[in-house]
Amino acid sequence: MAEEHSIVGPARGESLPVGHVGVRLRIPLSGAPSRRWSRDLSARLTAEFTGHANVGHLVLNDVVQGHEIVLAGLEGEEADGLAEAVERAVQATNQACADAPDESVPLKPQHEADAIARTVAEQQRLGDTRASRQQ
């Protein structure tokens, strides 16, 4: 089944603690998107902002939270054109999810992900490095 969401209200700004760059912006969506839709939107927003000045502090991980797009680290210089960029990303995400709903996206075999994770885990030092050396 295709998934589609739209922006349903005006952006709302929130102050961040002193020491953090910019502000947090919340943009309401028509529903709570799936993980696939959320990941796709994050990737499309990253593409929209790549190459633009003043976006170095913009946080795009976990950009969808519940029924909202949440952009943290937004500075005033980034505000111009932001609405259009977000709208383009939402439209493109809707089109992508209409063409390839979540169930139809092929995944690589889990054993490949497990093998890579094991290799990394074997090289990790967890906790106190002195305790690791003693074992």
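Q: Buried means under 20% relative accessible area, exposed means over 50%, and partly exposed is what lies in between. On that scale, what does R24 count as?
A: This is a predicted model, and in it R24 has a relative accessibility of 24%, so it counts as partly exposed.

Q: OK, and which residue does R24 form a salt bridge with?
A: R24 forms a salt bridge with E14, and the closest N and O atoms of the two are 3.0 Å apart.

Q: Which other residue does E14 pair with?
A: E14 also forms a salt bridge with R12, where the closest N and O atoms are 3.3 Å apart. E14 is partly exposed at 21% relative accessibility, and R12, at 42%, is partly exposed as well.

Q: What about R44, which residue is its salt-bridge partner?
A: The partner of R44 is D40, with the closest N and O atoms 2.3 Å apart. Both residues are in helix 1, and because they are 4 residues apart there, about one helical turn separates them. R44 is partly exposed at 30% relative accessibility, whereas D40, at 15%, counts as buried because the cut-off is under 20%.

Q: How many salt bridges does the structure hold, and which residues are joined into one network?
A: Salt bridges that share partners join R12, E14, R24, R26 and E68 into one network, and the structure holds 7 salt bridges in total.

Q: Switching to the sheet, in what order do the strands run?
A: The open sheet has 4 strands in the order 1-2-4-3, with antiparallel pairing.

Q: What does V63 touch?
A: Setting aside residues up to four places away in sequence, V63 touches S38, L41, S42 and L45, and also E68, I69, V70 and L71.

Q: Now E3, buried or exposed?
A: E3 is buried, yet it has no salt bridge, and the nearest side chain of opposite charge is R36, at 6.5 Å. E3 sits in the segment before strand 1.

Q: Which side chains does E3 make polar contacts with, then?
A: The side chain of E3 makes a polar contact of 2.8 Å with that of H5, and another of 2.5 Å with the side chain of S34. Beyond its neighbours within four places in sequence, E3 is in contact with P33, S34, W37, N94 and C97.

Q: Last one: where is T46, and which backbone oxygen lies 2.9 Å from its side chain?
A: T46 lies in helix 1, and a polar atom of its side chain is 2.9 Å from the backbone oxygen of S42. T46 is partly exposed, with a relative accessible area of 35%.

Terms used: Residues numbered from 1 in each chain as written. Predicted model: local features only at pLDDT ≥ 70, side-chain atom pairs only at ≥ 80, totals over all residues. Heavy atoms only, no water. Contact = heavy atoms within 4.5 Å. Pairing = 2+ DSSP bridges. Helix = DSSP H or I, 4+ residues; strand = E, 2+ residues; numbered from the N terminus. Buried < 20%, exposed > 50% of the residue type's maximum accessible area, 1.4 Å probe, protein only. Lys, Arg positive; Asp, Glu negative; His and termini not counted. Salt bridge = Lys/Arg side-chain N within 4 Å of Asp/Glu carboxyl O. Polar contact = N/O pair within 3.5 Å; in protein donor to acceptor, adjacent residues only side chain to side chain.
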